Amino acid sequence: MRTRILFAAAILVPGLLAQQPYFEKRTLDFVLDHRPTPEKRMFESMAGGMAALDFDNDGRLDLAFTNPLRLYRNEGDLKFRDVTPGSGFEAGDNAYLIGLTTGDFDADGLTDIFAAGIERNVLFRNLGNGKFADVTAQTAGIPPKTPEWGIAAAFLDADGDGRLDLFVTNYGLDRTKSRFCGDANRKLRVYCHPKYFDPRPNQLYRNLGNGKFADISTESGISKAKGRGMSVAIADYDADGKPDIFVTNDNMANFLFHNLGKGKFEETGLLAGVALLDHGKPVANMGADFRDVDNDGKPDIAVTALNNETFPFFRNDGAGTFHDATSETRLGQLAVKYGGWGAAIADFDNDGAKDLFTTNSHVNDLVEQFEPGMTYLQPNTLFRNDGTGKFVDSACPNLKQSAAAHRGMAVADFDGDGRLDVVVTVLGGPTELWRNIAPAKPWIAFRTNRIGTSIDIGKQSNTFTPSLGYASASHTPVHFGVSANDVPQVIITWPDGTKKVLEKVAANRVVNID
């Protein structure tokens with residue numbers, strides 16, 4: 001068996017303001033193989049989903065990747081070892097898989113993995129001891145082979161029965177197989193516009209227990225809405241105790257599936273104010289995250305899109321509605337020159353206000369030859385929350401100097417120093433690990449395996465929901481920056497609505513709450 005220890009020299013950047021988060025760059029030897037062809041198949045541009053999870057319950061966050069499907073164990077000190085051989089991940093070797101999500105669907109205390117891809121689903125049950133089993137065929141309700149083009153997925157308890165159900169978002173049916181898109185005279189072929197892909201419904205699978213699922217897409221109301229789904233994010237946006245589902249759609253209006261209870265959903269994106277920006281035109285909605293940015297107790301939505309479209313931001317007004325806050329948060333100006341994929345709302349500088357990290361690249365790898373001034377390879381961005389729910393450029397030169405074809409992402413404290421790091425996949429290149437070396441500040445994190453658990457500390461609130469970014473998952477402790485070395489009160493709300501209060505909790509540690 002061949003194993004590898006991953007490492008790289010750090011890139012230190014002097015002269016940054018002390019109050020701003022910054023990173024050093026390391027690289028992992030996993031290379032994302034998106035299998036590019038002269039025919040420019042659209043899904044080649046969309047690969048790159050990944051996941052952070054503690055698959056062996058040793059307290060360190062590990063990594064899983066797609067294309068090829070690989071599992072890396074965190075050995076400590078930011079060294080990762082490829083442990084794919086013998087892990088069971090070999091079952092996905094012949095598939096074109098795009099997105100990963102995580103959850104303990106069988107409630108055995110081990111985190112399982114679901115992969116969605118081109119006409120293929122794979123559900124991996126975690127057996128322990130670093131072993132996974134492909135149980136897709138055994139689940140009955142989740143077909144291993146499918147006509148759909150799955151991109152992203154999320155585990156959630158959709159019907160309140162205490163078992164994790166599975167939501168999968170699909171892209172369109174391809175009508176471009178014989179179409180040449182681009183400039184035929186110059187023999188420049190590019191990926192076709194999304195309009196050539198017929199919208200498709202998303203899917204919801206109910207967990208029946210005993211490792212079985214049932215497709216309830218039709219009876220739940222999910223399949224009524226057809227789109228070109230790119231990402232999915234979960235939150236209880238109207239505070240009724242039931243998780244709702246937000247889906248980004250490529251060059252179409254976004255969906256917000258309002259949970260009506262008992263496994264029923266209603267698509268309310270337009271009425272809620274998150275389907276479109278105020279100008280009323282659809283954009284290339286890509287990645288998303290769904291969390292409280294302004295510390296008002298209501299989850300907001302951050303979305304990435306292409307150059308000149310800005311990164312849409314929808315602020316939760318309460319009473320089931322949002323408004324387009326792209327300009328008021330300053331993202332309209334800050335993000336207009338970027339093409340975004342992953343999006344993560346998290347507190348990277350431990351100041352008690354959640355920031356926004358995005359992974360960036362244009363979708364068209366020949367864009368410079370069609371649109372002067374545009375660039376295909378782009379740097380990642382960190383937009384810092386100024387404490388009011390508005391963003392400022394974090395001025396991280398090392399981020400700005402690392403342009404690449406970035407795609408999926410995972411956010412976690414990989415080295416256990418209390419600061420959130422970021423791992424980013426790159427089309428055709430080594431994976432980036434951005435180690436957070438911002439000045440140390442007090443922090444606290446809460447480890448749970450119960451998706452949907454909400455935690456409140458003062459004005460701060462967050463929910464354990466792994467799906468974020470683009471076709472990716474971060475199955476990691478719920479992290480907070482705090483103002484002192486102890487936390488006066490922590491309120492934990494379990495998915496069933498029951499609460500637990502912790503008093504005078506010591507900070508600077510991970511607290512197990514299950």
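**Exercise 1. Buried or exposed: where do R26 and E24 fall, and what links them?**

Solution. 
- Step 1. R26 and E24 are both buried. The model is predicted.
- Step 2. Look for a charged contact. R26 forms a salt bridge with E24. Their closest N and O atoms are 3.1 Å apart.
- Step 3. Apply the cut-off of 4 Å between a Lys or Arg side-chain nitrogen and a carboxyl oxygen. At 3.1 Å, the pair R26 and E24 counts as a salt bridge.

**Exercise 2. Which residues join R26 and E24 in one salt-bridge network?**

Solution. 
- Step 1. Start from a further pair, R291 and D289. These two form a salt bridge, with closest N and O atoms 3.0 Å apart. Both R291 and D289 are buried.
- Step 2. Now follow shared partners. They join E24, R26, D415, D417, R419 and R435 into one network.
- Step 3. The structure holds 34 salt bridges.

**Exercise 3. Which parts of the chain does the salt bridge between R200 and E148 tie together?**

Solution. 
- Step 1. Take the distance. The closest N and O atoms of R200 and E148 are 2.6 Å apart.
- Step 2. R200 lies in strand β15 (residues 200-201) and E148 in strand β9 (residues 145-156), so the pair ties together parts that are 52 residues apart in sequence.
- Step 3. Check burial. The relative accessible area of E148 is 8%, so E148 is buried.

**Exercise 4. Where are the backbone exceptions at P68, D77 and A107?**

Solution. 
- Step 1. Most peptide bonds are trans, and most residues other than glycine have a negative phi.
- Step 2. Take P68. The peptide bond from N67 to P68 is cis, with omega near -5°. P68 sits in the loop between β3 (62-65) and β4 (70-76).
- Step 3. Take D77. Its phi is positive, near 55°. D77 belongs to the loop between β4 and β5 (79-82). With a relative accessible area of 60%, D77 is exposed.
- Step 4. Take A107. Its phi is also positive, about 55°. A107 is in the loop between β6 (97-103) and β7 (112-128). Its relative accessibility is 65%, so A107 counts as exposed.

**Exercise 5. What radius of gyration does the protein have, and what would a compact globule have?**

Solution. 
- Step 1. Count the residues: 514. A compact globule with that count would have a radius near 24 Å.
- Step 2. Compare. The protein has 21 Å, which agrees.
- Step 3. Buried residues make up 61% of the 514.
- Step 4. The protein has four helices and 42 strands.

Conventions. Residues are numbered from 1 along each chain as its sequence is written. This is a predicted model: local features need pLDDT of at least 70, side-chain atom pairs count only at pLDDT 80 or more; totals for chains, interfaces and linings use all residues. Side-chain values use heavy atoms; hydrogens and water are left out. Helices (H or I, at least four residues) and strands (E, at least two) are DSSP runs, numbered from the N terminus. The radius of gyration is taken over C-alpha atoms; the globule rule is 2.2 Å times the number of residues to the power 0.38. Buried means under 20% relative accessible area, exposed over 50%, partly exposed in between (1.4 Å probe, protein chains only).
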